Amino acid sequence: MASLETLYPPYAGTEPYLHLCFAKASGKKVRALLRRLMLRGVRVWYAAGTATDRKTHEQRERHMLSADLTVVYLDDAFRNDATAKSRLLACQRAGQPIVCLNTDGGDSGLSIGLHATAAEIKLNPIDSVKDTERALLHAEGFSQKLIGDPVKPKNTRFGVLTRILIAATVLLVAAGALWFFLLRPERQDEILSQSDTVTFADKTVRETVRRTLGGGILTEDRLSEITVLRFGGTLPDDLSDLSLLPALETVEITQNAAKDAFSLHPELSAYTVVLIGGADE
């Protein structure tokens, strides 16, 4: 399996970025979170493995202490990882803002030396990576300046093969779906939704996204192409599914739908809202 640094390279630029601090043993556990953050455009630096020489150690120290925010991925592995705890303490001494993602509800104080003033997000075992990402984006200390252009994770030899197999599967599914469409037009929506690899809780949001993409099956790669989403009629009751669109920047709504929109849908504050038309279209 490709290494974490190969799939999700740590940020190496000069723009504001966050430092994700986690135990060496938790590398596999943070993969999904790193993927979502990269697709959204969040600039993330992290230290993987152990520095084997003084130069590497000094470079890591410089990157770590230059971050605008340190996010701790707290689990039992972190509590027992002296290197990870040492990084956290160094960041605290430097006065960096700290956000602790407490993934298991265990001790976040004495066992790791976390200041009582640090922001802590207590997660439940049933929380998805989407819930974790949403909580982090709204945490005290997280700033929009940490977000840049979405970055797709690098392909590897195995990653390319996997994508080819997925593409072949999608083509087969699409061909079968087309055959059903010709015979049973009334089942188009049902068949499409069963073939999607991303699940939307709200049907209106799902079909608005599908229409924006020109139809077809909804996958993470396709969703990352959407930067503008238009709602031509009244807004759905639940807009939390907008978090599934990592590159979304602008939401277009009718003037009638704009009434009380921000009070009913606080999610809209994360996007540029553009009014269209004079009535529900």
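Predicted model: local features only at pLDDT ≥ 70, side-chain atom pairs only at ≥ 80, totals over all residues.
Residues are numbered from 1 along each chain as its sequence is written, and side-chain values use heavy atoms, with hydrogens and water left out.

**Helices α3 and α5**
- Helix α3 (residues 54-65) packs against helix α5 (residues 82-93) at about 50°, with axes 10 Å apart; helices are DSSP runs of H or I with at least four residues, numbered from the N terminus.
- Axes are lines fitted to C-alpha atoms over the stretch in contact, and angles run from 0 to 180 degrees between N-to-C directions.
- Arg60, Glu61, Met64 and Leu65 of α3 meet Arg87, Ala90 and Cys91 of α5, contact being heavy atoms within 4.5 Å.
- This α3 and α5 contact comprises 4 nonpolar, no polar and 3 charged residues; Ala, Val, Leu, Ile, Met, Phe, Trp, Tyr, Cys and Pro count as nonpolar, Asp, Glu, Lys and Arg as charged, and the others as polar.

**Helices α2 and α6**
- Helix α2 (residues 31-40) and α6 pack at about 55°, their axes lying 10 Å apart.
- Consequently, α2 is oblique to α6.
- The crossing of α2 and α6 is right-handed.
- On α2 the contact involves Ala32, Leu33, Arg36, Leu37 and Arg40, and on α6 Val129, Lys130, Thr132, Glu133, Leu136 and Leu137.

**Second largest pocket**
- The second largest pocket holds about 540 Å³ of space, the volume filled by probe spheres set on grid points joined across faces, edges and corners.
- A pocket is an open set of points on a 1 Å grid over the protein atoms alone, where a 1.4 Å probe fits, with protein on both sides within 12 Å along at least five of seven lines; lining residues have an atom within 4 Å of a point.
- Its lining has 25 residues, with Arg40, Leu137, Gln144, Ala270 and Tyr271 nearest the centre.
- Helix α6 (residues 129-137) supplies the largest share of this lining, 4 residues.

Note on methods: Helix = DSSP H or I, 4+ residues; strand = E, 2+ residues; numbered from the N terminus. Parallel < 35°, antiparallel > 145°, perpendicular 65-115°, else oblique. Left-handed = near helix turned anticlockwise from the far one by under 90°.
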